[in-house]
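Here is a short report on one protein chain. Please keep the sequence and the 3D view side by side while reading.

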Amino acid sequence: MNPGFFSDCPATMRPGVTVLTDFQKAVYLSSNPAKLIPTPLSSDQGVETPHCQNKQQQRRQRMSRTQTYADILLNLPVDDTLKTFIERHTLPMPEGWVWHDSIQASKSLIGLIQMHPNVAMRDRIVAGLHASTLLAHPLGKQAMFQAAHDRPTELMGLIACKSDLHRAFWLYVHHPALFEAAAEIEYLDHHGQQAQQHDLGIKHPIKRDETSIAAFSDAIKGFYQRELGCGEVCVVNVLDRARGTQLISIHAKDLATAKLEFEGSQLQRRVGSPNIHMVLEYAQATGVARTIIRGGAKYHAMLCEAFAKHLLGVDVDAQRIQTPRLNLSTLRLGLNIPQAIDDGFVGLQVKSVTVVSGCGRLKMECTASASSDQRCVTELLQDYFGAENPLARGWTIQAAVLNFYLAPMQGKSRCQVVSVEVTSKGRLNLHKFDEKLRAQLEGYLVQLGILKAQQVLKTGRDQEEPATMDGDLFE
């Protein structure tokens, strides 16, 4: 393990013990996957050799290009995972072939795949390589660690991988069910800005028995058959996320289409049904749910009603399920969050606001420039406009950007910035951040009065973590 493992963590996120077991490190990383940047080590010295450095540099350069299956192979280590994948597809290997991690071995594999006469086999190999790229990015890395948060053996396997692509490929080959669970989590996080958040007013545990799941599935099938004439097949999965929420993923069968595709070397119209994908995340602690589904408010309401009735056991009227409206008026006084300073941020700023006149006929956007020295735009409006300040004349703040500044990294002069975008209609960009930081930022918005405790997926108590880890925590 890299000796600088916790060196880049804010003080409030560092465990208090000096020695952690491998399992403790795995559990920590399952909720803080972005903190792990594995360092390639030589087997005998524990430091990067020039050969290893050169190979990793070549692979990083190739990652910047559009990925073909050749790029994917060149960026994957030639290890037991790749060997298992190739052998599973029964690709014939030349006599005397030796599996060793080198660029030349990767290029040889590419040549063997390209020259193989069996088109169907070649297509299956290429499709498998491309499938793993679904999670080969920062959000995908977080999703993989969350999917494996309660499985220490798999967590240690993810930690040992050398890159996000390597992790995704390793999970795809060795633990396909976990790979699919991570893909569901990644879908929710990737489309988080499209989500609608609802206060269900219910804090019941989810029913996971077959009868309840079947009734939930039937409710969704019935809705789509009435509305669109499709949805006769519906697959429901219930997953536990790392920090206490539950993710319900639903796949419904859409109307059949005939797509012109190649199967092997034959071009033909293939009849198939696209997937209607929808997800719901629920926090029992607060009774809050957020949904992602195509079709507008009617579809969001249907999903919430069906979930509450069949998986929570309570009938909920659509009128009770409302997207929260946020009050941004507290930002008139700037950004004062002592807890954020305690957590390691060195500066807070209302970077920009969009304000609307009382009559609603005039909208104005004001932004503090880089030369404002991190002063809030609300302060600048008061300084420059005085009694004519629109905020003092009853104009409403419709949207705002809040900047949280971290100290510059070593050798850098500029502060790192975490920017939170919020609108009065309940739109937030918190989906961009990892789960721990997202919960932290939600807590700040609750302190400001912008969000209410029942409008977040975690309560304030759930967001608090002890400053130290007890030595016998996992015993």
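## Serine 249 and its surroundings

Set aside neighbours within four places in sequence, and serine 249 is in contact with Glu184, Val235, Val236, Asn237, His277, Met278 and Val279. The model is predicted. Serine 249 sits in strand 3. Its relative accessibility is 0%, so serine 249 counts as buried; the cut-off for buried is under 20%.

Two polar contacts involve the side chain of serine 249. One goes to the side chain of glutamate 184, at 2.6 Å. The other joins serine 249 to the side chain of histidine 277, at 3.4 Å.

## The chain overall

The chain has 475 residues, and 46% of them count as buried. Its secondary structure comes to 16 helices and eleven strands. The accessible surface is about 24,300 Å², with 51% belonging to carbon and sulfur atoms.

Residues 24 or more positions apart account for 64% of them.

## Helix 12

Helix 12 covers residues 297–311. Its 15 residues should span 21 Å at 1.5 Å a residue, and its end C-alpha atoms are 21 Å apart, so the two values agree. Just after helix 12, glycine 313 takes a positive phi of about 80°.

Is helix 12 mostly covered or mostly uncovered? It is mostly covered, with eleven of its 15 residues buried. The buried residues are Tyr299, His300, Ala301, Met302, Leu303, Cys304, Ala306, Phe307, Ala308, His310 and Leu311.

## Salt bridges

The structure holds 16 salt bridges. In one of them, the side chains of aspartate 189 and arginine 290 meet at 4.0 Å, N to O. This pair links distant parts of the chain: aspartate 189 lies in helix 10 (residues 176–190) and arginine 290 in strand 7, 101 residues apart. Both aspartate 189 and arginine 290 are buried.

Glutamate 232 and lysine 253 form another salt bridge through their side chains, at 3.6 Å, N to O. Here too the pair links distant parts of the chain, 21 residues apart. Glutamate 232 is in the loop between helix 11 and strand 2 (234–240), while lysine 253 is in strand 3. Glutamate 232 has 40% relative accessibility and therefore counts as partly exposed. Lysine 253, at 33%, also counts as partly exposed.

## A further pair and a network

Arginine 375 forms a salt bridge with aspartate 383; their closest N and O atoms are 2.4 Å apart. Arginine 375 counts as partly exposed because its relative accessibility is 34%. Aspartate 383 is at 49%, so it counts as partly exposed.

Which residues do salt bridges with shared partners join into one network? They are Asp189, Arg241, Glu281 and Arg290. Of these, aspartate 189 and arginine 290 are the buried pair described above.

## A nonpolar surface patch

Leu260, Phe262 and Leu267 form a nonpolar patch on the surface. Together they have about 340 Å² of accessible area. Leucine 260 has its place in strand 4 (residues 257–263).

Conventions
Residues are numbered from 1 along each chain as its sequence is written. This is a predicted model: local features need pLDDT of at least 70, side-chain atom pairs count only at pLDDT 80 or more; totals for chains, interfaces and linings use all residues. Side-chain values use heavy atoms; hydrogens and water are left out. Helices (H or I, at least four residues) and strands (E, at least two) are DSSP runs, numbered from the N terminus. The expected span of a helix is 1.5 Å times one less than its number of residues. Buried means under 20% relative accessible area, exposed over 50%, partly exposed in between (1.4 Å probe, protein chains only). Patches are made of residues with over 30% relative accessible area and no salt bridge: like charges are joined within 9 Å, nonpolar side chains (Val, Leu, Ile, Met, Phe, Trp, Tyr) within 5 Å. Accessible areas come from the Shrake-Rupley method with a 1.4 Å probe; for residues, only the protein chains shown count as cover. A polar contact is a pair of N or O atoms within 3.5 Å; within protein, one must be able to donate a hydrogen and the other to accept it, and residues adjacent in sequence count only if both atoms are side-chain atoms. Contact means heavy atoms within 4.5 Å.
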